[in-house]
Amino acid sequence: MESHGADRHPFSGKNTMNREAAIAHWTKRLVHKMPPSAAPLIARWIVDLKVHFVISKPRKTKLGDFMAAHNGKPPRISVNSDLNPYNFLITSIHEFAHLGCYLKHANKVNPHGNEWKKIYTDMLKPFVSKSIFPEELIPVLVYHVSNPLASSCTCPKLSRALALYDNNPGTFLSDISAKVIFTFHEVEYLKLEKRRTRYICKRMSDGKKFLISGRALVETPELKLT
Ligand SMILES: [Zn+2]
């Protein structure tokens, strides 16, 4: 008897082709935004998990976000278009981990709780490779994925390492307003008044005051992953 596979399953061949074409389409778009060798896998996640993936215009308040499927709409992930390639990839994985966590636990767990951290680090691990990240980032990433409980969504060590690849790494202390809390060498301070070239800054943990140079590169907590 002749095989009429295509007749018995009239749509299977078409679907396979659509899937491949969709993955190729997304790979092509993503190679410009993230390390090229990571793009095919993220493209496959987008297609297979039926995600509405948005390369968003830059937002000041967040790097990316995730919205679960609702009212017949697919799950939605957005990532800011202006992130450097490494940050774009890590932010994408961060948001996909929200989807993975939602599929497994629905709304029963905290957004960045231990369940999410486990899923996130498991998803990130296969990407920790010299074919994707520069060599100097590997130790930071290995630390990041091997300490799931410490790998909060705003891991300061990783954020700082990633910021080195931005066109503008961090903010000068002189450029932020007074009475703003900032992070310098992983310690939180409140910026107070100026003294010549330096600023009096109060350490948040114990209220002790320090003089820090206006040219110190500091981080402000504006950019948070959601
Ligand atoms: Zn998040």
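Rings of Phe, Tyr and Trp (its six-membered ring) are taken as a pair if their centres lie within 6.5 Å, with planes under 30 degrees apart counted as stacked, over 60 as edge-to-face and the rest as tilted. The model shown is predicted, so that local features need pLDDT of at least 70 and side-chain atom pairs count only at pLDDT 80 or more, while totals for chains, interfaces and linings use all residues. Residues are numbered from 1 along each chain as its sequence is written, and side-chain values use heavy atoms, with hydrogens and water left out.

**View 1. A cluster of aromatic rings.** Trp26, Trp45, Phe53, Phe88, Phe96 and Phe127 are linked into a cluster by ring pairs. The structure as a whole holds 11 aromatic pairs.

**View 2. The pair of tyrosine 189 and phenylalanine 210.** The two ring centres are 5.9 Å apart and the planes stand at 85°, so tyrosine 189 and phenylalanine 210 form an edge-to-face pair. Because tyrosine 189 belongs to strand 6 (residues 187-195) and phenylalanine 210 to strand 8 (residues 209-213), the pair ties together parts that are 21 residues apart in sequence; strands here are DSSP runs of E, at least two residues, numbered from the N terminus. Tyrosine 189 is buried at 9% relative accessibility, whereas phenylalanine 210, at 29%, is partly exposed (buried means under 20% relative accessible area, exposed over 50%, partly exposed in between; 1.4 Å probe, protein chains only).

**View 3. Lysine 191 over tyrosine 199.** The charged end of lysine 191 sits over the ring of tyrosine 199, at 4.1 Å from the ring centre, the criterion being NZ of Lys or CZ of Arg within 6 Å of the centre and within 35 degrees of the ring normal.

Key
Helices (H or I, at least four residues) and strands (E, at least two) are DSSP runs, numbered from the N terminus.
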